[in-house]
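Here's a quick briefing to read alongside the sequence and the 3D view. Have both open and follow along.

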Amino acid sequence: MSLLSSIRVGSSFIEQHIFKFFSCVLFFSYVSLCDNEKTGCKARELKSVYVDAVGQFLKLIFHQNHVNKYNIYNQVALVAINIIGDPADFSDESNTASREKLIDHYLGHNSEDPALEGTYARKSDYISPLDDLAFDMYQDPEVAQIIRKLDERKREAVQKERYDYAKKLKQAIADLQKVGERLGRYEVEKRCAVEKEDYDLAKEKKQQMEQYRAEVYEQLELHSLLDAELHSAVDPLLPATDPHPKINAESLPYDERPLPAIRKHYGEAVVEPEMSNADISDARRGGMLGEPEPLTEKALREASSAIDVLGETLVAGAYCKTWSYREDALLALSKKLMEMPVGTPKEDLKNTLRASVFLVRRAIKDIVTSVFQASLKLLKMIITQYIPKHKLSKLETAHCVERTIPVLLTRTGDSSARLRVTAANFIQEMALFKEVTSLQIIPSYLVQPLKANSSVHLAMSQMGLLARLLKDLGTGSSGFTIDNVMKFSVSALEHRVYEVRETAVRIILDMYRQHQASILEYLPPDDSNTRRNILYKTIFEGFAKIDGRPTDAEMRARRKAATEEAEKQKKEEIKALQGQLAALKEIQAEVQEKESDAVKPKNQDIQGGKAAPAEALGIPDEHYLDNLCIFCGERSESFTEEGLDLHYWKHCLMLTRCDHCKQVVEISSLTEHLLTECDEKDGFGKCYRCSEAVFKEELPRHIKHKDCNPAKPEKLANRCPLCHENFSPGDEAWKAHLMGPAGCTMNLRKTHILQKAPALQPGKSSAVVASGPSGSKAGSKIPTPKGGLSKSSSRTHAKR
């Protein structure tokens, strides 16, 4: 007995030992298996072992597994095993003969005729590759059963020397193996869809399998390969509602006739026809000898007008059950139309066209790809050549389009991807024919609302066609209008399929690029409630991008960045202000030191009978500068360190903030600051007439027009950079000008204080009045520190 062992095992096995027993002899061998590291332990290994021996049983011993992280319990398992051999070798009657055959084999004797070696007649231990385990693993079970039946018949044909028939069967087996593998892939895809609960896809795969299987079985029947015996394997697929109906098959059209297996089930005999070599050759070319079968009564009634014009032979070919006849009929019709001479009566031309369109419409529905493609070529020829050649009216072109476009749109929902793409591309091509574009028929079909029960492929194809043709034709005089496109697209936003909704969004955005505000009236208002719908949010943000406006996400990002920048700037300003205040405190300390030097002469004056200002105010000499602003001379109990900081920053009448760098500077040194210290100093120039800082861009015009008030020399007058007036020189004059009510009218800090303070009574002093420290009298005049600010102190600034 010869054994062929196909062992399908997991990746966790190291090896298997095979013991082969026959007579009293024991043979030992082993099979090593891959550790499966390269595939990440996701694959399985199939090994076939040829055992050239005769025996009674086979023993397998499994050794330890390969170690990997997935097999933590060191398990070993056998997934599948297939042992193939001659069952006769296992019987007791054959033991003696087998033993003698074995002895002869090992002694080198060969009693058989070498001329017969390798033939089926004497090779009883022939093993078909179809019995291997690998065959069943990748084949559809039903197709595998048919292949095995055909293989048996092929061997029988060889034994009977029917070599042409055997050759035909061999080719059929090879083709069916590809068919079985394809159906097997469909089955896997269907199961995956079910696991993902994508039942639409699972249903589609099921229909795809049934359609493909039906086509294959039809071809088998055409080649007389699917006889009664093989039909029993296919019988579960056939439609049979009534278990015992009596059907007159000949009275039905071919598409409605029951398959031979059903007829056999009902008691009708099915006989395998014998085919000659010529028959086989013709079958291989896709057709059979002889004329197509006669038209049924139903077909005669249905195609009566076409028969009157084109003849029964051509129409019978278009109705034939053999696809090659159907294709040949379309080719013959195309040739007939091309050969019709110019000058043929218009009525005959119109009748021929309408009969042709009738057959084209039927062929568009054909499930055979070659017939479907032939129908498209014929339709294109009729529209672009036949009608222009004979100068037929637009009514005939409209008839062609109106009769065929609904069926073509239906084919765009076909389960076959190739047919879907072919149909959609032809519709787009036909819509761009100059003879068709002016009719505006196809756009009107594409903007019809999607049906709730329409297939996924049909809805997606219609949306895709609409999007593509909108780009090609636009919304001018093409049949597409803003109204019909937008109503269709907005309704498509509610479709259950994501791809359809996504295409609808893309169409709406394309329409907005062309028509802007006209699109908005078809959409809900752009508010927070509407934007809760992710589709409308996408649409309105797309509008913003088209308009160049920031989207919500971009605005949020900008606000966040602005907030962060403001916080950063605030921190920098606080840090700069702290540095400025430290510098001001140093200046104050210098002034205090100078004032302390003046205390001694004041004490001497007191001893001489003269009252010092500090004593007059009731302030001890050592605390004279406490709670005092060294710039404006104002004293207040609120002038703590923090209070003085705030006073300098906002209220001191002698200080101001530079509008360009935000530093706090003395007003008296503002011009010098703009020309020498400001961050924007490069943008300023000095006017030689008024000695003030002017933007360099405006400086030529400023000088040319001579509108400025000329400045006087520094020894003769001070120059105010706010009101541009000249006034008497000296530090005290600065205080009087900036703080007095009759002084500078452009000092905004003083204006603000005067607006808040009550009007002074006539005859009273105009000096700035503030509450003094404890012990001072309210309303007393605050003395000014002598000497004011030094030049160096005037250049000390602080950032905001």
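**Quick tour**

Glu-312 sits in helix H11 (residues 312–319); helices (H or I, at least four residues) and strands (E, at least two) are DSSP runs, numbered from the N terminus. Keep in mind that this is a predicted model, where local features need pLDDT of at least 70 and side-chain atom pairs count only at pLDDT 80 or more, while totals for chains, interfaces and linings use all residues. Residues are numbered from 1 along each chain as its sequence is written, and side-chain values use heavy atoms, leaving out hydrogens and water.

**Around Glu-312**
- Glu-312 counts as partly exposed, because its relative accessibility is 44% (buried is under 20% relative accessible area, exposed over 50%, partly exposed in between, with a 1.4 Å probe and protein chains only).
- Glu-312 and Leu-300 are 12 residues apart in sequence, and their C-alpha atoms are 8.8 Å apart in space.

**Helix packing**
- The axes of helix H13 (residues 346–364) and helix H14 (residues 369–389) come within 9 Å and cross at roughly 155°. That makes H13 roughly antiparallel to H14 (angles over 145 degrees count that way).
- Axes here are lines fitted to C-alpha atoms, for helices over the stretch in contact, and angles run from 0 to 180 degrees between N-to-C directions.
- H14 also packs with helix H15 (residues 394–411), at an angle of about 160° and with the axes 11 Å apart. So H14 is roughly antiparallel to H15 as well.

**Salt bridges**
- A salt bridge here is a side-chain nitrogen of Lys or Arg within 4 Å of a carboxyl oxygen of Asp or Glu, and the count comes to 17.
- Asp-151 and Lys-154 pair up at 3.4 Å, N to O. Both lie in helix H3 (residues 141–159), three residues apart, about one turn of the helix.
- The side chains of Arg-326 and Asp-366 meet in a salt bridge at 2.6 Å, N to O. This pair links distant parts of the chain, with Arg-326 in helix H12 (residues 323–339) and Asp-366 in the loop between H13 and H14, 40 residues apart.
- Arg-326 is buried, with a relative accessible area of 11%, and Asp-366 counts as buried at 10% relative accessibility.
- Arg-719 and Glu-692 form a salt bridge at 2.9 Å, N to O. Arg-719 lies in strand E11 (residues 718–719) and Glu-692 in the loop between strand E9 (684–686) and strand E10 (693–695), so the pair ties together parts that are 27 residues apart in sequence.

Terms used
Parallel < 35°, antiparallel > 145°, perpendicular 65-115°, else oblique.
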